[in-house]
Amino acid sequence: MTMSHYRPSALPNTRIDAADLLRGIAVAGIILLHFIEHLNFYKFPPPTALDTAVWDVTFFLLSSKMYAIFAMLFGLTLFVQHNNQAQRGRDFRPRFVWRMVLLFGFGLLDLLFFNGDILTVYAVCGLLVLPFVRAGNRALLAAAVFFGLQPIELFYFIGSLLDPSLQPLNLGSDGLFVAILPAQEGGSWLDVAAAGLRYGLPVNFTWAIEHGRFTQTLFLFLLGLWIGRRRLLYDEGGNAGLWRRTMLWSVAAFAVLCPLRYTVPQMFGQGCASASLTVMLDMWKNLSMTLFYVSSLTYLYHRTRARGFLAKILPYGKMSLSNYIGQSVAGGFIFYHWGLSLYSVSGHAMSLAIGAVFVLLQFTFCRLWLRSHKRGPLEQLWHKATWAGSGKSGK
């Protein structure tokens, strides 16, 4: 297929429960990681052996994998929204641009509390992948492969082989992080908010580009678009068999990539080549774990008795935006100086426990809220603002 030959599916896009399940688990995992990190405030009491174990295990299981699931589902949602409107004879693309402007606004709100916001980056990446929503499958997959190969790191790796003095890409994110610390450690909430807008906004983009996260996000958005087109999260056709095979292949891929990640970069010393290979192999290793999580959870939900238990997570996934911004407000209050200032006494194990309690509280709130509302509070605001002035419900 070419860029102009893709035709929207005529099959109905009903609510995808498996997507809500995955989204809920991803957001919960992101929140647990953020709490362990004290919301990007790396000040901790001296770690115990338990703290070290908690940090290592939690980051191994969740870091980059939960974010990857969340990003992939963003692309899936873009497909569903576009396809639903195409079936009604409407072009959703102009409305999606406005929707990304609104998401950027939510990201600015998030930055008032937490400098590690990802919503602003998602808004920009969403606009960049929008042209592919009507691209042919070949063009879509070619673009996904291009970004999945980590083109910036690949460029620097090849460049370092030609010029050993070449240094890794440095856009100054380290200095921006340092500039935020005084507000977190001794400032008021207004100081944190000002630092978030002044330094947090650029640091998210510079850090994402420096560490391969920006191109990874574009890849995952495109992967989500493709998964949406193939209707892979529905329990239909041969999807169950595909997910079983994906489970096996992802384990095999991890078994190969994990040793490579910790051996091959070291062959090039500590220079640019080593740093570039580390980013690339990390991404591919984490992708294999991500695909294992996605395939196993989807299969468990659709084809096993675990469905009843996993279904309890759906409300949490339906309110992912509210939960994500809620953790920034609560986490800032818990760990930063302007709130309870627990950063000085909360080690990794205690921070994980606090995060787990907070997620359970959010989970309870989501279940109660959705008994009388169709969407979460921020989800409803985003939905209404998306369709403002259209004269259409957007349903």
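Which residue takes a positive phi just after α10? Arg231 does, with a phi of about 55°.

This is a predicted model, so local features need pLDDT of at least 70 and side-chain atom pairs count only at pLDDT 80 or more, while totals for chains, interfaces and linings use all residues. Residues are numbered from 1 along each chain as its sequence is written, and side-chain values use heavy atoms, with hydrogens and water left out.

Helix α10 covers residues 213-230; helices here are DSSP runs (H or I, at least four residues), numbered from the N terminus. Its 18 residues reach 25 Å from the first C-alpha to the last, close to the 26 Å expected at 1.5 Å a residue, where the expected span is 1.5 Å times one less than the number of residues. Helix α10 is largely enclosed by the rest of the structure, because 17 of its 18 residues are buried (under 20% relative accessible area, with exposed over 50% and partly exposed in between; 1.4 Å probe, protein chains only).

Now to the aromatic rings. A search of the whole structure finds 23 aromatic pairs. Rings of Phe, Tyr and Trp (its six-membered ring) pair if their centres lie within 6.5 Å; planes under 30 degrees apart count as stacked, over 60 as edge-to-face and the rest as tilted. Two edge-to-face pairs are set out here:

| Pair | Centre to centre | Angle between planes |
|---|---|---|
| Tyr42 and Phe44 | 5.9 Å | 85° |
| Phe106 and Trp382 | 6.2 Å | 80° |

The Phe106 and Trp382 pair links distant parts of the chain, 276 residues apart: Phe106 belongs to helix α4 (residues 93-111) and Trp382 to helix α17 (residues 377-386). Phe106 is buried at 8% relative accessible area, and Trp382 is buried at 11%. Tyr42, in contrast, is partly exposed at 44% relative accessibility, and Phe44 is partly exposed at 29%.

Arg99 lies over the face of Trp382, 3.7 Å from the ring centre, and the charged end of Lys65 sits over the ring of Phe60, 5.6 Å from its centre. A charge sits over a ring if NZ of Lys or CZ of Arg is within 6 Å of the ring centre and within 35 degrees of the ring normal.

Notes:
Helix = DSSP H or I, 4+ residues; strand = E, 2+ residues; numbered from the N terminus.
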